[in-house]
Amino acid sequence: MFGVSGWVLPEEDRTEGMSTPQQEIAARIQDWQRGRPRGPYTLELYPTLRCNLDCAFCDTTYRKKRAADELSAERYLRLVDEAAAMEVERVYILGGGEPMVARRITPAVMSRLKEHGMYGILGTNGTLFTADLLRRIVDMCWDEIHFSLDGATAAVNDLLRGQDGVFRRVTEVIRRLRGFKRDAGSRCPRILLHTVVTRHNYRQLEDIVRLAHELGCFRVNFDALVPYRPEQVALAMRARERAEMPALAERALRRAEEYGIESSLEQFLNPRTLERGSMRFAPADGSGVFSAPCLNPWHHVVVHHNGFVSPCCVIPSEPSADSVRERGLEEVWFHGEYFNRLRGDFIDGRMTRHCSNCSMSIISQNDCIREYFDV
């Protein structure tokens with residue numbers, strides 16, 4: 001089992017007797033089981049589908065369409081207020097595109113959720129930050145920024161990112177951000193690297209860990225490729241290359257431990273976990289909510305760019321889902337047909353057609369939560 005970013009507070013921020021996110025989520029799910037529904041612990045916001053890069057490996061290609069029907073900045077700000085009223089603790093700002101393209105939305109949403117005291121995580125390609133914006137992020141004590149880098153060298157990273165100069169721009173932004181943190185005497189935000197593993201970079205795992213150390217990152221998340229289109233299939237590792245992964249991952253894991261860097265490398269010690277698109281959920285023990293193979297519909301909500309909701313990043317925006325465009329988050333979460341239908345289906349062991357694309361990180365989150373059930 002491996003850790004997940006945002007689930008463990010830094011040692012210096014912990015207080016005696018403080019519950020972990022896993023414990024808090026387990027407590028909320030147990031309240032659902034006892035007939036006392038609770039609000040979500042985590043909210044994901046996707047401000048836009050637009051992106052300034054065109055990464056061939058992107059695993060959100062089903063969202064790659066013309067930007068249309070995006071929620072307004074005002075609606076996003078009200079969503080943050082509604083989430084705070086529902087006791088949401090953690091907010092991810094991600095996207096089918098690059099969230100910093102939505103310049104009128106994303107910085108304002110970041111400020112609002114920090115005013116509410118929620119834990120904020122931003123996922124970004126790192127190419128659109130100005131010095132003023134980086135200073136604002138440090139001043140508001142934003143919690144985490146996850147920068148996407150897909151190679152330890154410019155040659156590999158920029159090939160996969162589809163644009164020259166990306167590696168240089170992103171590493172410069174990270175170094176500038178560290179400088180602003182140092183000047184302010186602040187630990188915020190913590191910095192994470194995110195890498196999609198392909199046949200072009202799988203031999204660079206240890207070098208990417210080394211780069212993360214040089215850039216002052218606390219963690220590296222490695223994710224398996226989900227190949228949809230032919231150009232993505234061309235990036236997938238062949239059987240011989242997958243067979244090399246356990247040894248490469250083991251070496252990179254030892255390096256990460258030497259540097260004191262968290263990672264998701266344990267999932268790559270078993271080549272089976274590289275087979276995204278064929279994930280299976282084992283039957284869960286217990287009855288009711290406890291029997292659901294996946295627990296996300298009881299603690300996690302994604303709001304897509306157009307207002308439609310889903311229980312995770314793997315399940316895309318669908319017209320059959322409920323929307324927060326005209327309805328409140330509380331109504332959609334507790335009373336919406338979509339989430340309640342999903343909960344019933346999951347309890348009966350019926351997963352969606354997208355669930356086979358799940359990642360080991362999400363599956364591990366569920367395993368961590370179950371350890372805290374008082375049954």
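**Walking through the model**

Just after helix 7, Gly216 has a positive phi of about 75°. Before I go on, keep in mind that this is a predicted model.

Helix 7 itself covers residues 205-214, and its buried residues are Leu205, Glu206, Ile208, Val209, Leu211 and Ala212. The elements that cover those residues include helix 6, strand 5, strand 6 and helix 9.

At the strand 7 end, strand 6, residues 219-224, pairs with strand 7 in the parallel sense over two bridges. Val220 stands opposite Ser263 of strand 7 there.

Further in is strand 4.

Strand 4 has partners on either hand. With strand 3, residues 119-124, the pairing is parallel and runs over four bridges.

Which residues touch the most other members of the largest nonpolar core? Among its 106 residues, they are Phe147 and Leu193. Helix 6, residues 166-184, gives the most to this core, with seven residues. As background, nonpolar side chains in soluble globular proteins tend to be buried together. Not counting residues up to four places away in sequence, Leu193 touches Phe147, Leu149, Ile174, Ile208, Leu211, Ala212, Leu215, Cys217, Arg219, Val220 and Asn221. Ile208, Leu211 and Ala212 on that list are also among the buried residues of helix 7.

Next, some backbone details. The peptide bond from Cys188 to Pro189 is cis, with omega near -5°. Pro189 sits in the loop between helix 6 and strand 5.

Two residues other than glycine have positive phi and are worth a look on the screen. Glu87 has phi near 65°, and its place is the loop between helix 2, residues 73-85, and strand 2. At 46% relative accessible area, Glu87 is partly exposed. Cys141 has phi near 55° and lies in the loop between helix 4 and strand 4. Cys141 is partly exposed too, with a relative accessible area of 33%.

Helix 1 is next. Residues 21-33 make up this helix of 13 residues, which reaches 18 Å from first C-alpha to last, close to the 18 Å expected at 1.5 Å a residue. Its buried residues are Pro21, Gln22, Ile25, Ala26, Arg28, Ile29, Gln30, Asp31 and Trp32. Covering them are, among others, strand 2 at 90-93, helix 10 at 329-335, helix 11 at 337-347 and helix 12 at 360-370. Just after helix 1, Gly35 takes a positive phi of about 85°.

Why does Ser310 count as buried? Its relative accessibility is 0%, and the cut-off for buried is under 20%. Its side chain makes a polar contact of 2.9 Å with the side chain of His304. A polar atom of the Ser310 side chain also lies 3.0 Å from the backbone oxygen of Ile315. Leaving aside neighbours within four places in sequence, the residues in contact with Ser310 are His300, Val301, Val302, His304, Ile315, Pro316, Tyr338 and Phe339.

The last stop is Met237, in the loop between helix 8, 230-233, and helix 9, 239-259. Met237 is buried, with a relative accessible area of 10%. Met237 and Thr198 are 39 residues apart in sequence, while their C-alpha atoms are 6.1 Å apart in space.

Methods. Residues numbered from 1 in each chain as written. Predicted model: local features only at pLDDT ≥ 70, side-chain atom pairs only at ≥ 80, totals over all residues. Heavy atoms only, no water. Pairing = 2+ DSSP bridges. Buried < 20%, exposed > 50% of the residue type's maximum accessible area, 1.4 Å probe, protein only. Polar contact = N/O pair within 3.5 Å; in protein donor to acceptor, adjacent residues only side chain to side chain. Contact = heavy atoms within 4.5 Å. Expected span 1.5 Å × (residues − 1). Core = buried A, V, L, I, M, F, W, Y, C linked by side-chain atoms within 4.5 Å.
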